[in-house]
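Biologist: Could you take me through the charged contacts in this one, and then the rings?

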Amino acid sequence: MAPVFDTFDDDIEDLAERAASPDPGIRRVAMMELAEAVGGEAKVLLLKGLADDDATVRAAAAKALDEHDGADVVEGLVRSLEDADEDVRRVAAETLSEKKEPTCGPLLIERAEHADPFVQAAALRALRELVIPDALSAALKALQSAAPEVRREGLGVIGYLKAEEALPALLATARDADPTVRRATMAALVFLRSGGPGVATLLAGLQDENWQVREEAAISIAKSRLPEAVEPLIAAMADPVWQVKTKAANALGRIKSTAAVDVLGRALDSEISNLRKEAAAALGEIAHPQALSFLERACDDPDPDVRKLIRWAIGRCRAEV
């Protein structure tokens, strides 16, 4: 009987042979298939592919490394951030952002101060989920960059670290000219506490000219459960963009504000089913008998998900009678 690994070994040998083909098309397909192969030999072939003469092969290798881990993979992808080909750099950055190799923190921190904004942003994005305190200094420096993508990714690192010492810098980026930076600032302010410094800045985000900034402010308020946000959130329920209203409704439910029952009850008449769902869920979280008249009137909602939440909310409210 043949050993069970014979087929696997044959596959790797075949892929290795095709990875060395003079035809770049064959080499590229080999890189793609190596994504499904396991073991160190497959990874070695992919890392070698990052240095291929053909850019399409290098890009395929960078993408396939998404399925392989290790410090050597991160190091290879970091080198590819400086590839001469734009597609290779982009794919390497995307793959790198999915890696979580704490041992590569120093390497990424070093690249976070690279002269090329693209390399800086990619390194900061990769640092974000590692949650390495030593990355804070590089993230704060990134906020001074002329490139908005670098400032944005620096804010992402600060947000994951929940670094309260970065608050003065965050208060400055909340006024950034670039809306994507202001949005990232709202996300980074998630660590704020009721009554503390910075709360006014987060609340002001609900009135930003850019709707995505307003939406992100509502998301952070929901996570922080800031009671002083009730009135601004009630006002946000009149926002012209339904996504903002949806997040405001969610935040009001998390804060369990009885003052919001009326505005949430009226939101059950919205044409947007997602808003009706969030309004019903929020009324269930608040669980105040005053909400029963709104909920019972809406119990025949055309959306089954909304009807399910309304039934749940009615049960919660009746339990408080």
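Biologist: How many salt bridges does the count come to?

Modeller: The count comes to 25 salt bridges, where a salt bridge is a side-chain nitrogen of Lys or Arg within 4 Å of a carboxyl oxygen of Asp or Glu. This is a predicted model, in which local features need pLDDT of at least 70 and side-chain atom pairs count only at pLDDT 80 or more, while totals for chains, interfaces and linings use all residues. Residues are numbered from 1 along each chain as its sequence is written, and side-chain values use heavy atoms, with hydrogens and water left out.

Biologist: Which residue does Glu129 meet in a salt bridge?

Modeller: Glu129 meets Lys100, with 3.0 Å from N to O. The pair links distant parts of the chain, 29 residues apart, since Glu129 is in the loop between helix H8 (117-128) and helix H9 (136-142), and Lys100 is in the loop between helix H6 (86-96) and helix H7 (105-111). Helices here are DSSP runs of H or I with at least four residues, numbered from the N terminus.

Biologist: Are those two buried or exposed?

Modeller: Glu129 counts as partly exposed, because its relative accessibility is 35%, and Lys100 counts as exposed at 52%. The cut-offs are under 20% relative accessible area for buried and over 50% for exposed, with partly exposed in between (1.4 Å probe, protein chains only).

Biologist: What about Arg193, which partner does that side chain meet?

Modeller: Arg193 meets Glu164 in a salt bridge of 2.9 Å, N to O. Arg193 lies in the loop between helix H12 (179-188) and helix H13 (199-204), and Glu164 in the loop between helix H10 (148-161) and helix H11 (167-173), so the pair ties together parts that are 29 residues apart in sequence. Arg193 is exposed, with a relative accessible area of 54%, whereas Glu164 is partly exposed at 38%.

Biologist: And where does Lys256 sit, and where is Glu285?

Modeller: Lys256 forms a salt bridge with Glu285, their closest N and O atoms being 3.0 Å apart. Lys256 is in the loop between helix H16 (242-255) and helix H17 (261-267), while Glu285 is in helix H18 (residues 273-286). Lys256 is partly exposed at 43%, and Glu285 is partly exposed at 33%.

Biologist: Now the rings: how many aromatic pairs are there?

Modeller: The count comes to zero aromatic pairs, a pair being two rings of Phe, Tyr or Trp (its six-membered ring) with centres within 6.5 Å.

Biologist: Which residue lies over the face of Phe118?

Modeller: Arg89 does, at 5.8 Å from the ring centre; the rule asks for NZ of Lys or CZ of Arg within 6 Å of the ring centre and within 35 degrees of the ring normal.

Note on methods. Rings of Phe, Tyr and Trp (its six-membered ring) pair if their centres lie within 6.5 Å; planes under 30 degrees apart count as stacked, over 60 as edge-to-face and the rest as tilted. Helices (H or I, at least four residues) and strands (E, at least two) are DSSP runs, numbered from the N terminus.
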